[in-house]
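Please read it with the sequence and the model in view.

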Number of protein chains: 2
Amino acid sequence: MTPAPLRDLLTTDNLTGLRAWLDDTGTLDIADELARLPQADQAVAFRLLPKDRAMAVFEALDPYHQQQLLDGLREDGVAELVAGMDPDDRARLLDEVPAGVASRLQAGLTPEQRESTASLLGYPPASAGRLMTPEYVSLRAAMTTADALSKLRRTTVDGDNLVVLPVTDDARHLVGTVALPSLVKAAPQTPVADLMCPELHRARAEDDREAAARLVQEADLLALPVVDSEDRLVGMITVDDAMEALEAEETEDIVRAGGSEPLGVPYMAASVFQLARKRAVWLLLLVVAAVLTVNVLQVFEDTLEAVIVLALFIPLLIDTGGNAGSQAATVVIRAMALGEVRFSDLPRIVWREARVGILLGAMLAGIGFPIAAVFFGPEVGLVISLTLLAICVWASFVGGMLPVLARRLGIDPAVVSAPLVTTLVDATGLILYFLIATAILSDQIGAATALV
Amino acid sequence: MTPAPLRDLLTTDNLTGLRAWLDDTGTLDIADELARLPQADQAVAFRLLPKDRAMAVFEALDPYHQQQLLDGLREDGVAELVAGMDPDDRARLLDEVPAGVASRLQAGLTPEQRESTASLLGYPPASAGRLMTPEYVSLRAAMTTADALSKLRRTTVDGDNLVVLPVTDDARHLVGTVALPSLVKAAPQTPVADLMCPELHRARAEDDREAAARLVQEADLLALPVVDSEDRLVGMITVDDAMEALEAEETEDIVRAGGSEPLGVPYMAASVFQLARKRAVWLLLLVVAAVLTVNVLQVFEDTLEAVIVLALFIPLLIDTGGNAGSQAATVVIRAMALGEVRFSDLPRIVWREARVGILLGAMLAGIGFPIAAVFFGPEVGLVISLTLLAICVWASFVGGMLPVLARRLGIDPAVVSAPLVTTLVDATGLILYFLIATAILSDQIGAATALV
């Protein structure tokens, strides 16, 4: 990628150079650079774009930057821009805009455009209804191919929404879909019924958008029909919108797995205060959970005082438990997101993870024993290696089980993040550690306690 | 989803019931159930499917289960199946099959099919060349719409590959693309040149497949042309294959973030030994890194012995540091994957994260001081709250910086996983803890040491 000249061109007021740069640069790169400018400059650079390119650049921005740009533009420019958007993109944008700006934006729409946006807004957030476009052309099963093609030639619906054509009956019930290529290749008198895809996938408008988008991906669809509760066609989810929704869901999962809430805006656009707020709740909850470890250690304070060398291994042991637990949790959470495992697999998962824990724990114990024994004596070596084994088994078991249980309880499994598993495994891991230590080092501990 | 009857129907040899179930069930669900069967039963259930459904079910399986199924099928059945696949799916399958099986599979292909598979195999793994299909229909700029449509009607290329049509010159150089809907809507005498999309995206065959797939997503494409080093068209990446590639890449990132290597096969299909092997290297590396914490504590052993209460807070403090560090790392890694931040942003990232750390640390310190002071006295309270502040700032700083540095050094930023950041921050966090403790508690430590 070339270095970013947009900011330099703007600050030096080099409008000729700026126009030449805008002519030579791709839509995505312009959008990228635009998003990185101060808000006032965004509007200036944007107004220098020819009208047709401006719309493409605008649609390439994410909703956050679209909104920022709108704020910087004059009233009439705003209305023009919104009227040119696809209804589903418009709904997503209006949804994230403050109520005052949303009505300012709606003001520029024709009544028809306003209605289709409003009907989209009636569906719950993150539903298939929000993701669909109500712009499509539907066919009837009894139509001939020639009729269907002539209907397509007359429509004003955007070409990208004509690649898959839903087929309905007289009452708008969905009966099938036809791919545009089969229509093009068929003889003119072939009825549409003969061209319908063998398998009919659909989503309900109130379905979760992630499930609908995942269906588009798994069944390799270019568009998925969306129906209401009476199986009547209400819209289509196109593959580009499905991909965008999946990306947003994956970002959510990944960020949750790291122990914070999704930002909802690009990283560099979020303020420091926003970043801190998204992490504060989890960090605080985890600290509260970690207070358990203080309590556990208090119980064993005498043992610690008697054999101070035990304290040296606390971080190593709890780190290892946390790592083994987050390895198990991450893999299981991903398998659940991809639909590879279900609740009924829980016993098998737990049994698999327990055995994985035994293998890993045995490996670490085998390596840890000679090293700890050389430096701290064979008894301490035995305590450390037995604890490594026990902690690995326990952590893998907990890490594999928690996400599946969370889903069963209606909690997003991604919330069972690596930090959460780590913190939970820590307190229990310490108990295992001191129980093993007390059993093996009973002589030393007894002697020291007697001295005091 | 209904409970899985496939295994029951097979074990009871209820072939009539089985056939009825196969008739009533969707392709994706059959593939799902098939993948969960023992290998021998997979082949039996598969052979009961009508030929056209069998291909659909086979393509719905992931490469791992496709291979497993092939192993269970008779020689002639295998060849038939492979010949019916799309060339790009075939190449991906052959790539993952042992050499012996690959040649057995290639044996069933026509020379033309074998050549197109082999040419795909010439590109480096995980390249755009591996992802593309060489099955497309290209147009010329001077053709009329009528000519173009009649060329499409004659072709045997699969309909899904006709949605976007590449336009080339006489020397096969890529000059544009035409969307099938514009072709359908244009007047018969319109030249193809007038219908070409305003912006031409392309990937080079040796490009990284993730970059090519991400371009399909960001530019909302239904297919992306792939060219060789002389800008000659060699294939097309369709949106369904791009989505599949992105899903695989995201799985890799997510699993790496949890501190293990990607499995390459579905979770339930991996053996316990495979699962353990993918995690062993990282777990071992992290334990070796954690040995640092033992060394740090050894240095401060006298301090610990003098004020044993310091030991009680070790897990809480290092957990908090690890959590703050993985929060920062996860968010920055995701922003990099989505192209939101670059290396030149490093100073801004570090400065942002340091301030986020101050906010979070101040919050925890404010809550921690009164609690610790009540139970362990004001001096210990001060040590704990100052350490919480210092550790939060340090961990956010390291967590934000490491992934960006890793990318600069050519390492996958996802490798800078939460576990890695946690482990690295732990040893340094302990040093901070004991430096602060030594400064504030110098009287108590001095007194105790003098006694000894």
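**Notes on the structure**

1. B:M401 belongs to helix 21 of chain B, which covers residues 378-408. The structure is a predicted model, and the remarks here should be read accordingly.

2. Which residues does B:M401 touch, its neighbours within four places in sequence left aside? The contacts of B:M401 are with B:L346 and B:V350.

3. For chain A, the UniProt record, an unreviewed entry, carries the annotation "transmembrane region" for residues 280-300, 306-333, 354-376, 382-406 and 418-441. These annotations may be inferred rather than shown by experiment. Two of the spans can be set beside the model. Residues 382-406 of chain A are 100% helix and 0% strand, with 36 Å between the end C-alpha atoms. Residues 280-300 of chain A are 95% helix and 0% strand, and here the end C-alpha atoms are 31 Å apart.

4. The next matter is the contact of the two chains. Chain A contributes 112 residues to the contact and chain B contributes 113 residues. Between them the chains bury about 10300 Å², and carbon and sulfur atoms account for 66% of this area.

5. How many salt bridges are found across the interface of chain B and chain A? The rule gives eight. One salt bridge joins the side chains of B:R279 and A:E353, with a distance of 2.9 Å from N to O. As for polar contacts, 32 residue pairs are counted between chain B and chain A, with both residues at pLDDT 80 or more.

6. On the side of chain B that touches chain A, helix 16 of chain B (residues 272-299) supplies the largest share, namely 17 residues. By residue class, that side of chain B holds 64 nonpolar, 27 charged and 22 polar residues.

7. How are the two chains related? Two copies of a chain are related by a rotation about an axis and a shift along it.

Key:
Residues are numbered from 1 along each chain as its sequence is written. Chains are lettered from A and ligands numbered from 1 in the order in which they are written. This is a predicted model: local features need pLDDT of at least 70, side-chain atom pairs count only at pLDDT 80 or more; totals for chains, interfaces and linings use all residues. Side-chain values use heavy atoms; hydrogens and water are left out. Contact means heavy atoms within 4.5 Å. Buried area is the accessible area (1.4 Å probe) that two parts lose on being put together, summed over both. A salt bridge is a side-chain nitrogen of Lys or Arg within 4 Å of a carboxyl oxygen of Asp or Glu. A polar contact is a pair of N or O atoms within 3.5 Å; within protein, one must be able to donate a hydrogen and the other to accept it, and residues adjacent in sequence count only if both atoms are side-chain atoms. Helices (H or I, at least four residues) and strands (E, at least two) are DSSP runs, numbered from the N terminus. Ala, Val, Leu, Ile, Met, Phe, Trp, Tyr, Cys and Pro count as nonpolar, Asp, Glu, Lys and Arg as charged, and the others, Gly among them, as polar.
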